[in-house]
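Here is a set of questions on one protein model. Each is answered from the coordinates.

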Amino acid sequence: MQGLQRQARKMQEVRRHATALTEPLSGAEKANARADLKAYFRLARGLEPAPHQVEILDGVQTFVERCWSAPPEAAEGLHIMTVNLPPGAGKSMTISQTLPEWVLGNRPWERILVVSAAADLATLFQTVTKATIEHSALYREVFPDERARPDKTRGWSNDALYLKGLPFGEASPSIMAAGLQGSILGKRATLIIIDDPQTPVTNTKAGREKTWQLINGTVLSRGVSGAPILCVQQRLHEDDVTGKLQRHYGASSIVIRALDEDGSSFWPQGMSARLLQQKRQADPHIFEAMYQQNPTGGTGDVFKPAWFRYHDSDLAAGLTRLQSWDTAQKAGQKNDYNAYVEALVDEHKNIYVTDMGWKRLEFPDLVSEVKRIGERGPRLVLIEDKASGSSLTQTLRATTSLPLLPVSVESDKVARANATTGWFEAGKVLFPQHHPLLAEFEAFLTTFPQGAHDDPVDALTQLIGYVIGHIGAAGSYKAHKARARR
């Protein structure tokens with residue numbers, strides 16, 4: 001709420017400037033403001049754009065104009081750009097307010113949809129845009145086209161604005177602002193701006209999935225063919241809206257990092273390097289994500305790379321072979337993996353991981369994969385006893401002689417992982433140094449539990465839990481949390 005109030009005060013200051021025209025503009029100034037988004041920003045906001053704002057304004061203008069000028073055969077499909085920058089860097093004023101004003105002044109027939117996680121914030125953007133178009137003498141000077149004036153007979157409210165340049169009979173407004181939960185069905189847009197679709201409060205696995213369903217299932221479908229789609233946000237997680245747009249749709253990107261490689265600030269006048277370093281020290285993980293736009297760059301909260309030890313493939317004979325499986329609910333691309341870890345264990349309970357893998361599999365293929373891996377002759381196959389894991393155990397018992405142990409889970413996965421860290425610290429978990437999946441496997445560990453997928457981690461901690469005695473012979477986790485001794 002305080003952030004929204006600060007945004008409102010900032011918007012009110014901008015509105016006061018926008019509605020005033022202290023002296024007439026020259027013809028060159030007006031022509032330049034119409035042609036160049038940066039020049040319009042400079043006039044309308046009364047501010048010299050900071051270097052990061054220049055990069056954004058130039059990049060966004062090029063992207064939007066390229067989308068609208070593309071030939072019909074190149075306009076098909078979704079055209080998406082993500083813009084990621086630190087909080088407090090003026091992203092909403094730069095894009096969600098300035099861009100719609102400039103676009104509608106130049107092209108009053110366009111239809112713009114602005115969407116935000118908070119309906120109040122989306123409405124705030126529209127309120128300022130409405131006041132600028134209706135009351136700003138500067139705006140009328142820069143954009144004298146009568147088609148860029150309000151058409152109050154069709155609608156002129158904080159919910160939807162119609163300009164005179166909108167084709168007769170067009171039901172969708174010139175600009176519409178809505179929260180993610182708002183009703184936008186039936187509306188079609190030629191430009192979509194998604195501003196802060198997520199907040200730290202909704203940055204949970206369930207929250208991210210719900211947000212993505214709204215974005216992918218509703219918002220993206222509102223664009224006409226060839227419509228540019230902009231998503232502006234600070235990064236929160238590798239599986240946030242930006243991450244999904246880049247992975248699933250190949251979105252292009254503009255990335256603004258708070259600190260350069262030499263430690264200097266991206267915006268010394270707005271955020272000093274000293275302040276940014278203090279923020280980094282206070283919470284490195286949040287800083288990496290929100291300020292450096294690198295949600296996988298910081299280590300997770302549980303496993304530290306300094307603890308990792310390695311072995312070659314030349315292990316002694318007679319070690320105990322264990323296999324551990326964490327299975328997924330479904331096989332779709334958006335669902336979790338079916339993951340396994342195999343290890344050899346010596347008499348001192350040193351755990352030599354020998355193999356690992358993760359795939360999205362339909363249930364019959366999963367059964368076949370467990371059987372194939374099981375041909376290596378494990379002493380025990382651990383399978384988490386939930387959903388597909390329970391069905392998997394039943395099927396394998398009926399069709400194989402594999403030594404199965406269904407593992408019932410009572411504590412959460414973070415607690416189970418924390419209970420194994422002593423074994424890592426003591427150097428008793430060793431990874432195969434030449435395994436082709438080792439780097440990815442370590443990435444799962446170092447980003448846990450913030451990573452998009454934790455299935456390989458669950459399979460590993462389940463195996464370690466059995467070795468160090470957290471899992472009894474009946475497959476239940478014990479209450480104690482033993483730690484390895486150095």
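Q: Which residues is Glu134 in contact with, leaving aside neighbours within four places in sequence?
A: This is a predicted model. Contact here means heavy atoms within 4.5 Å. With neighbours within four places set aside, the partners of Glu134 are Arg140, Pro150, Lys152 and Trp156.

Q: In which helix does Glu134 lie, and how far is Glu134 from Arg149 in space, C-alpha to C-alpha?
A: Glu134 belongs to helix H7, residues 119-135. Glu134 and Arg149 are 15 residues apart in sequence. In space, their C-alpha to C-alpha separation is 7.1 Å.

Q: What is the strand order of the open sheet that holds S1 and S7?
A: The sheet has seven strands, and its pairing is mixed. S3 (160-161) and S7 (252-255) each have a single partner strand, so one side of each is left without a neighbour in the sheet. Read across, the order is S3-S4-S2-S5-S6-S1-S7.

Q: At about what angle does helix H6 run to S5?
A: Helix H6 spans residues 91-106. It lies across S1, S2 (112-116), S4 (175-179), S5 (191-195) and S6 (228-233). Relative to S5, helix H6 runs at about 165 degrees.

Q: Which residue in S14 is the bridge partner of Tyr352 and stands opposite Arg309?
A: S8 (residues 309-311) pairs with S14 (residues 429-432) in the parallel sense over three bridges. S11 (residues 351-359) also pairs with S14 in the parallel sense, over two bridges. Arg309 stands opposite Leu430. The bridge partner of Tyr352 in S14 is Leu430.

Q: Which residue in S10 is the bridge partner of Trp325?
A: S9 (residues 320-326) and S10 (residues 338-345) run antiparallel. Seven bridges join them. In S10, Trp325 is paired with Tyr340.

Q: How many charged residues are in the lining of the largest cavity?
A: There are three cavities of 30 Å³ or more. The largest holds about 70 Å³ of space. Its lining includes Arg111, Lys187, Arg188 and Arg222, along with Ile112, Leu113 and Ser172. By class there are six nonpolar residues, one polar, and the charged count is four.

Q: What is the mean pLDDT of the protein, and where is the pLDDT below 50?
A: The mean is 86, and 88% of residues reach 70 or more. Where pLDDT is low, the predicted coordinates should not be read in detail. The stretches below 50 include residues 14-19 and residues 479-486.

Note on methods:
Residues are numbered from 1 along each chain as its sequence is written. This is a predicted model: local features need pLDDT of at least 70, side-chain atom pairs count only at pLDDT 80 or more; totals for chains, interfaces and linings use all residues. Side-chain values use heavy atoms; hydrogens and water are left out. Two strands pair if DSSP finds at least two bridges between them. Helices (H or I, at least four residues) and strands (E, at least two) are DSSP runs, numbered from the N terminus. Axes are lines fitted to C-alpha atoms, for helices over the stretch in contact, and angles run from 0 to 180 degrees between N-to-C directions. On a 1 Å grid over the protein atoms alone, a cavity is a set of points where a 1.4 Å probe fits but cannot get out, and a pocket is an open set with protein on both sides within 12 Å along at least five of seven lines; lining residues have an atom within 4 Å of a point. Grid points are joined across faces, edges and corners, and a volume is the space filled by probe spheres set on the points. Ala, Val, Leu, Ile, Met, Phe, Trp, Tyr, Cys and Pro count as nonpolar, Asp, Glu, Lys and Arg as charged, and the others, Gly among them, as polar. pLDDT is the predictor's confidence in each residue, from 0 to 100.
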